[in-house]
Amino acid sequence: MEIFTPDWVKHAVFYQIFPDRMARGKTWKSKMAYHIPLEPWNDPPTLQGYKGGDLWGVIESLDYLQELGITAIYFTPIFQSACNHRYHTHDYYQVDPLLGGNEAFLALLKAARDRQIKLVLDGVFNHASRGFFYFNDILENGPHSPWLDWFKIEGWPLSAYDGNYPANYLGWANNRALPEFNHANPDAREYIMQVAEYWLHQGIDGWRLDVPFCINVDGFWQEFRDRVKAINPEAYIVGEVWTDARQWLDGTQFDGVMNYLFTGPTIAFTAGDRVNLDLVKSSGYDPYPPLDAVGYADKIKSLFELYDWQIHLTQLNLLDSHDTARLITIAESDRASVELATLLLMTFPGAPSIYYGDEVGLPGARDPDSRRSFPECDRWDNTVLAYHRELIALRHRYRALRIGEYRSIFAEGLVYLFTRQTEEETLIVAVNAGVENMTIRCLPKDLNKIPRTVVYGNAEVKWLDDGDLRLHLPARQGCIIASI
């Protein structure tokens, strides 16, 4: 079966925003803002506290994001909820009033569209919250509620809040705050489908699906795709699957997944034994033990063997997220590790995703620390910002870095080289993850063009008469060499 994936995603650079922490809008239009006891913006975040970031603030940040080179935003949940991360959905049709409500979101859609920035929302469709109307009706009316079969009720009485008693219903991860939908119920299933359709009609460009592997009803995700693509064939459907995702990436369900199978090896190679093990234990994406260049090449080769090339081009590639510690903290503040990983991120097939604040050096350990507020500009690491801008600009400049063939050409010690090429362009990307300067010699084969110009980094390049490439790479640095 021929697989079709959204073309725009193949050329996109994503920015992941945790809405409560990006920016407080100066044009805040809801009186509700003045009645919320907010935590100080620069204080360490807590599990339950609100910082007051909102969608008006995101609108005011769009010029900054456009200048950075961002072409798409992925939001963690924005719908009405009783928690700062909003994975406990109360109302799927209402943007949280603390974020500015539907008014702010519609204004954001227009402002983003004016800048040709796409918007992807987080769809939490496996479970809702205790405050979700249909579940709350069950709490109020017990077995007389007409919505009993929307959820997985096991017995009576329900105990939604008192942990001294059995919940008597299924909650995601045994969390009674997150009652699971019964996706086999046709009405509950139809409700979810209509939510997805509604926001596509409003103008969003796709859905990131939270824990989609927990929904195992036959045909559910196939129907979801059919109905989403009927409204917008170029809508992006990306699942949160941390492991081998072939089950969902067969062309009938998702266009891609959050590509933690890229994340883990990339951290293990670039950060090596600098990785803070306390931050990655039981993390699910294996950024440890360290990998040498051969080990990294093997991991990448195995990854490419999993999926169709069209799927690889629409994977959502990332180095960290709201569900992990930030890379700068994982790597014990080793800035070279982050720059090398960012170089690999921006030159890999698929859509790179930057977690808000990474581009200015924002640190963070595990949740809630990984969800710090975006820092004021006097606290930015401008060196980190500069190389993000440079690498993003190069990705936009060279089509080969977006959709070109990927081929490993050298892996020895801690030095790794690969090519990205189309008929018009050839680029070589080289990384020296070691602590010593290295001069390597290799024979790249089947090059459409000969890359001679270093467009990123400080490498010394020489092509020998026999066609070999001799490359000098400083320690803990990488480079990009282009044919034009």
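**View 1. Helix α3 and the residue that follows it.** Just after α3, Gln 116 takes a positive phi of about 60°, where helices (H or I, at least four residues) and strands (E, at least two) are DSSP runs numbered from the N terminus. The model is predicted, so local features need pLDDT of at least 70 and side-chain atom pairs count only at pLDDT 80 or more, whereas totals for chains, interfaces and linings use all residues. Residues are numbered from 1 along each chain as its sequence is written, and side-chain values use heavy atoms, with hydrogens and water left out. Helix α3 comprises 14 residues (101-114), which at 1.5 Å a residue should span 20 Å, and the 20 Å between its end C-alpha atoms agrees with this; the expected span is 1.5 Å times one less than the number of residues. Gly 101, Ala 104, Phe 105, Leu 108, Leu 109, Ala 111 and Ala 112 of α3 are buried, buried meaning under 20% relative accessible area, exposed over 50% and partly exposed in between (1.4 Å probe, protein chains only). The elements that cover these buried residues include α2 (55-68), β2 (72-75), β4 (89-95), β5 (118-123) and α5 (186-202).

View 2. Ile 403 is partly exposed, with a relative accessible area of 22%. Leaving aside residues up to four places away in sequence, Ile 403 touches Lys 10, His 11, Trp 309, Leu 313 and Arg 420, a contact being heavy atoms within 4.5 Å.

View 3. Rings of Phe, Tyr and Trp (its six-membered ring) pair if their centres lie within 6.5 Å, and planes under 30 degrees apart count as stacked, over 60 as edge-to-face and the rest as tilted. The ring centres of Trp 8 and Phe 14 are 6.0 Å apart with planes at 35°, so this pair is tilted, and both residues are buried. The rings of Trp 221 and Phe 254, with centres 5.5 Å apart and planes at 75°, form an edge-to-face pair. This pair links distant parts of the chain, 33 residues apart, with Trp 221 in helix α6 (residues 220-231) and Phe 254 in the loop between β7 (236-239) and β8 (256-257). Trp 221 is buried at a relative accessible area of 3%, and Phe 254 is buried at 1%.

**View 4. Charged ends over aromatic rings.** The charged end of Lys 118 sits over the ring of Trp 8, 5.4 Å from its centre, the criterion being NZ of Lys or CZ of Arg within 6 Å of the ring centre and within 35 degrees of the ring normal. The charged end of Arg 326 sits over the ring of Tyr 356, 4.8 Å from its centre.
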